[in-house]
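Take a look at the fold below. The walk-through starts with confidence and then turns to one pair of helices.

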Amino acid sequence: MSLINRGFYQAEVQNLLNNRLKKVMESKGHMEEMTMLFNLGAMVTPETQVLLDQRLYIAIKANRLDEFHPLVAAGAVITQETQALMDIRLAECAKNRQRLGCKMLLSIGANSTPEVKAFLNERFSC
């Protein structure tokens, strides 16, 4: 196969992956399929960037912890609105004593408070 043909097929595959990613994100598809598409080489385009950022905001709002890291790793941008929501969620997690939620939010950039730090530093008594 010539280099010209190989380049054409690579561009076609890239285009197919990017289009599928866009469709999955528009239909609010499963994170597993999005992750698989990224692993296969799908790239974030300007259209999918907006969808990715929205998906992160929705995941934080719905408290879907399993989606935080894959979305941030895929390139979701934490906007001011998303940051504010993360900080509110973090305070709620600390108030409701949800250690995993606190750690997940902190790991993607939520701003900690003295109350959150105190909660996470507590030792459980037996």
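pLDDT is the predictor's confidence in each residue, from 0 to 100. Helices are DSSP runs (H or I, at least four residues), numbered from the N terminus. In the protein chain, helix 5 (residues 80–95) has the highest confidence, at 94, while helix 1 (residues 3–26) has the lowest, at a mean of 82. The protein chain averages a pLDDT of 87, and 90% of the residues score at least 70. Where pLDDT is low, the predicted coordinates should not be read in detail.

This is a predicted model: local features need pLDDT of at least 70, side-chain atom pairs count only at pLDDT 80 or more, and totals for chains, interfaces and linings use all residues. Residues are numbered from 1 along each chain as its sequence is written, and side-chain values use heavy atoms, with hydrogens and water left out.

Now turn to helix 6 (residues 99–107) and helix 7 (residues 114–121). Their axes (lines fitted to C-alpha atoms over the stretch in contact) come within 11 Å and cross at roughly 125°. Angles run from 0 to 180 degrees between N-to-C directions. Under 35 degrees counts as roughly parallel, over 145 as roughly antiparallel, 65 to 115 as roughly perpendicular and the rest as oblique. Helix 6 and helix 7 are therefore oblique to each other. Arg99, Cys102, Lys103 and Leu106 of helix 6 make the contact (heavy atoms within 4.5 Å) with Val116, Phe119 and Leu120 of helix 7.

Which residues of helix 6 are buried? Arg99, Gly101, Cys102, Met104 and Leu105 are, with buried meaning under 20% relative accessible area (1.4 Å probe, protein chains only). The buried residues of helix 6 pack against helix 3 (46–61), helix 4 (65–74), helix 5 and helix 7. Just after helix 6, Gly109 has a positive phi of about 115°.

Technical notes:
Helix = DSSP H or I, 4+ residues; strand = E, 2+ residues; numbered from the N terminus. Buried < 20%, exposed > 50% of the residue type's maximum accessible area, 1.4 Å probe, protein only.
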